[in-house]
Amino acid sequence: MAAIKRVTGVPDKVQSCHTAVVEGYFVEGHVPASDIRKLLKARPAALGLAVPDMPVGSPGMEVPGVTPDKFETLLIGTDGQTRVYGKH
């Protein structure tokens with residue numbers, strides 16, 4: 001996985017458990033589908049999206065009876081800088 005993250009340009013500070021490539025963008029971690037759809041519609045100059053760590057309540061990390069964590073989806077620019085792309 002480390003090699004895939006390196007090749008796709010996932011910065012160390014936002015790495016998580018899963019990495020995918022969708023239409024030229026990386027998707028790192030448990031990113032909500034709504035943020036991926038927004039990315040593919042807007043087509044910003046960016047490397048991809050990331051949800052660092054594995055927040056409870058993010059897609060695939062739901063736990064019955066446990067209050068979901070608040071988390072952010074980050075957009076990683078072509079310069080490696082991050083900005084908040086979605087709040088959940």
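**Exercise 1. The two sides of helix α2**

Which exposed residues does the face of α2 turned away from its buried side carry? Determine also which residues of α2 are buried and what they pack against.

*Solution.* The structure is a predicted model.

Step 1. Begin with the buried side. Helix α2 spans residues 33-42, and its buried residues are D35, I36 and L39. Viewed down the axis of α2, these buried residues fall within an arc of 100°, so they line one face of the helix.

Step 2. Turn to the other side. The face of α2 turned away from the buried side carries R37 and K41, which are exposed.

Step 3. Examine the end of the helix. Just after α2, R43 takes a positive phi of about 50°.

**Exercise 2. The hairpin of β4 and β5**

Describe how strands β4 and β5 pair, and examine the turn between them.

*Solution.* 

Step 1. Strands β4 and β5 pair in the antiparallel sense, over five bridges.

Step 2. Find one pair of partners. The bridge partner of L75 is R83, which belongs to β5.

Step 3. Inspect the connection. The two strands, β4 and β5, form a hairpin with four residues between them. In this turn, G80 has a positive phi of about 85°.

**Exercise 3. Salt bridges**

How many salt bridges does the count come to? For each pair, state the location and the exposure of the two residues.

*Solution.* The count comes to three salt bridges. For the exposure of each residue, recall that buried means under 20% relative accessible area and exposed over 50%, with partly exposed in between.

Step 1. Consider E28 and K5. Their side chains meet in a salt bridge at 2.6 Å, N to O. This pair links distant parts of the chain: E28 is in strand β2, K5 is in helix α1 (residues 2-8), and the two are 23 residues apart. E28 is buried, with a relative accessible area of 0%. K5 is buried as well, with a relative accessible area of 5%.

Step 2. Consider R43 and E23. The side chains of R43 and E23 meet in a salt bridge at 2.1 Å, N to O. R43 is in the loop between α2 and β3, while E23 is in the loop between β1 (19-22) and β2, 20 residues apart. R43 has a relative accessible area of 40% and is partly exposed. E23, at 54% relative accessibility, counts as exposed.

Step 3. Consider E72 and K87. In this salt bridge, the closest N and O atoms are 4.0 Å apart. Because E72 lies in strand β4 and K87 in strand β5, the pair ties together parts that are 15 residues apart in sequence. E72 is partly exposed, with a relative accessible area of 35%, whereas K87 counts as exposed at 66% relative accessibility.

**Exercise 4. The nonpolar cores**

Which residues make up the largest nonpolar core, and which element gives the largest share of this core?

*Solution.* 

Step 1. In soluble globular proteins, nonpolar side chains tend to be buried together.

Step 2. List the members. The largest nonpolar core has eleven residues: Y25, V27, V31, I36, L39, A46, L49, V51, F71, L75 and Y85.

Step 3. Assign the members to elements. Two or more residues of this core come from each of β2, α2 and β3. The largest share, three residues, comes from β3.

Step 4. Follow one member. Leaving aside neighbours within four places in sequence, Y85 is in contact with D35, K38, L39, A42, L49, T73, L74 and L75.

Step 5. Look for a further core. A second, separate core has six residues, including V14, F26, L74 and I76.

Definitions and conventions:
Residues are numbered from 1 along each chain as its sequence is written. This is a predicted model: local features need pLDDT of at least 70, side-chain atom pairs count only at pLDDT 80 or more; totals for chains, interfaces and linings use all residues. Side-chain values use heavy atoms; hydrogens and water are left out. Buried means under 20% relative accessible area, exposed over 50%, partly exposed in between (1.4 Å probe, protein chains only). The arc is that of the directions from the helix axis to the C-beta atoms. Contact means heavy atoms within 4.5 Å. Two strands pair if DSSP finds at least two bridges between them. A nonpolar core is a set of buried Ala, Val, Leu, Ile, Met, Phe, Trp, Tyr and Cys residues joined through side-chain atoms within 4.5 Å.
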